Amino acid sequence: LFDPAVALKKIDQPLLVLHGALDQQTPPSHGERLGQMAAARKGVPPTHTKVVVVPGVNHLIVTGSGDPESYNLLPASAVAPEVISAIVAWVNAAVK
């Protein structure tokens, strides 16, 4: 069984936790908790962790319903532009 707390102890790089606000498969609260654990890593500044919850985005990081039963009905299958913007902003901040 995967335990993120164990895995996080081995990571000292900056970490982005990105979550869709409409995610019903893995609730956004799990991402928030993961962010808390990452920010508490020993020897890693808390500023090396960023949690972003993207409004209107589901588990697939696309815009639309969060209901997994309706994924095949979603009009868009491309990653939501807000997700790409969040990743680009984080990468730009992390490499400075």
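What share of the contacts in the chain with a separation of 6 or more comes from residues 24 or more positions apart? Such pairs account for 58% of those contacts, where contact means heavy atoms within 4.5 Å. This is a predicted model, in which local features need pLDDT of at least 70 and side-chain atom pairs count only at pLDDT 80 or more, whereas totals for chains, interfaces and linings use all residues. Residues are numbered from 1 along each chain as its sequence is written, and side-chain values use heavy atoms, with hydrogens and water left out.

**Fold**
- The chain has three helices and two strands (DSSP runs of H or I with at least four residues, or of E with at least two, numbered from the N terminus), and their order from the N terminus is α-β-α-β-α.
- The C-alpha trace spans about 45 × 35 × 15 Å along its principal axes.

- Of the 96 residues, 27% count as buried (under 20% relative accessible area, with exposed over 50% and partly exposed in between, using a 1.4 Å probe and protein chains only).
- Ala-80, leaving aside neighbours within four places in sequence, is in contact with Val-57, Ile-61, Val-62 and Thr-63.

**Surface**
- Val-88, placed in helix α3 (residues 81-94), has a relative accessible area of 43% and is therefore partly exposed.
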